[in-house]
Amino acid sequence: MALPGDPVMLLSVVNLKLRDQYPTLDALCEDLDADKAALCTKLAAIGYEYDPLQNQFK
């Protein structure tokens, strides 16, 4: 599955997948062959950072 390009849609999809399917961001990125740094940068641009304790972008 390709992740959405729109940052707001990306946030929604990633947080949904982290909640329902993946125990960590690393697991999500590995399974979906996504660039973790690029994903974090894109979401940081709209004010969200990954919280590993809650396994979500906040």
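This is a predicted model: local features need pLDDT of at least 70, side-chain atom pairs count only at pLDDT 80 or more; totals for chains, interfaces and linings use all residues.
Lys17 is found in helix α1, where helices are DSSP runs of H or I of at least four residues, strands are runs of E of at least two, and both are numbered from the N terminus. At 14% relative accessibility, Lys17 counts as buried; the term buried stands for under 20% relative accessible area, exposed for over 50%, and partly exposed for what lies in between, with a 1.4 Å probe and protein chains only. Residues are numbered from 1 along each chain as its sequence is written, and side-chain values use heavy atoms, with hydrogens and water left out.

Which residues does Lys17 contact, leaving aside its neighbours within four places in sequence? They are Met1, Tyr22, Leu28 and Leu32, a contact being heavy atoms within 4.5 Å.

Asn15 is buried, with a relative accessible area of 18%. Beyond four places in sequence, Asn15 is in contact with Gln56 and Phe57. A polar atom of the Asn15 side chain lies 2.7 Å from the backbone nitrogen of Phe57.

Phe57 itself is buried, at a relative accessible area of 3%. Phe57 also belongs to the one aromatic pair that the structure holds. The ring centres of Tyr50 and Phe57 are 5.4 Å apart and the planes stand at 55°, so the pair is tilted. For this term, rings of Phe, Tyr and Trp (its six-membered ring) pair if their centres lie within 6.5 Å; planes under 30 degrees apart count as stacked, over 60 as edge-to-face and the rest as tilted.

Next, the core. The largest nonpolar core has twelve residues, among them Leu10, Val14, Tyr22, Leu39 and Phe57. Such a core is a set of buried Ala, Val, Leu, Ile, Met, Phe, Trp, Tyr and Cys residues joined through side-chain atoms within 4.5 Å. The elements giving two or more residues to this core are α1 (7-20), α2 (25-32) and α3 (36-44).

How are the buried residues of α2 arranged around the axis? Leu25, Leu28, Cys29 and Leu32 are buried in α2. They cover an arc of only 95° around the axis, which puts them on the same side of α2; the arc is that of the directions from the helix axis to the C-beta atoms. On the other side of α2, Glu30 and Asp31 are exposed. The buried residues of α2 pack against α1, α3, β1 (50-51) and β2 (56-57). Just after α2, Asp33 takes a positive phi of about 55°.

In helix α3 we find Lys42, which is partly exposed at 32% relative accessible area. Lys42 is in contact with Gly5, Pro7 and Leu10, leaving aside neighbours within four places in sequence.

Finally, the chain as a whole. The chain has three helices and two strands, in the pattern α-α-α-β-β along the sequence. Buried residues make up 28% of its 58 residues.

How values were computed:
A polar contact is a pair of N or O atoms within 3.5 Å; within protein, one must be able to donate a hydrogen and the other to accept it, and residues adjacent in sequence count only if both atoms are side-chain atoms.
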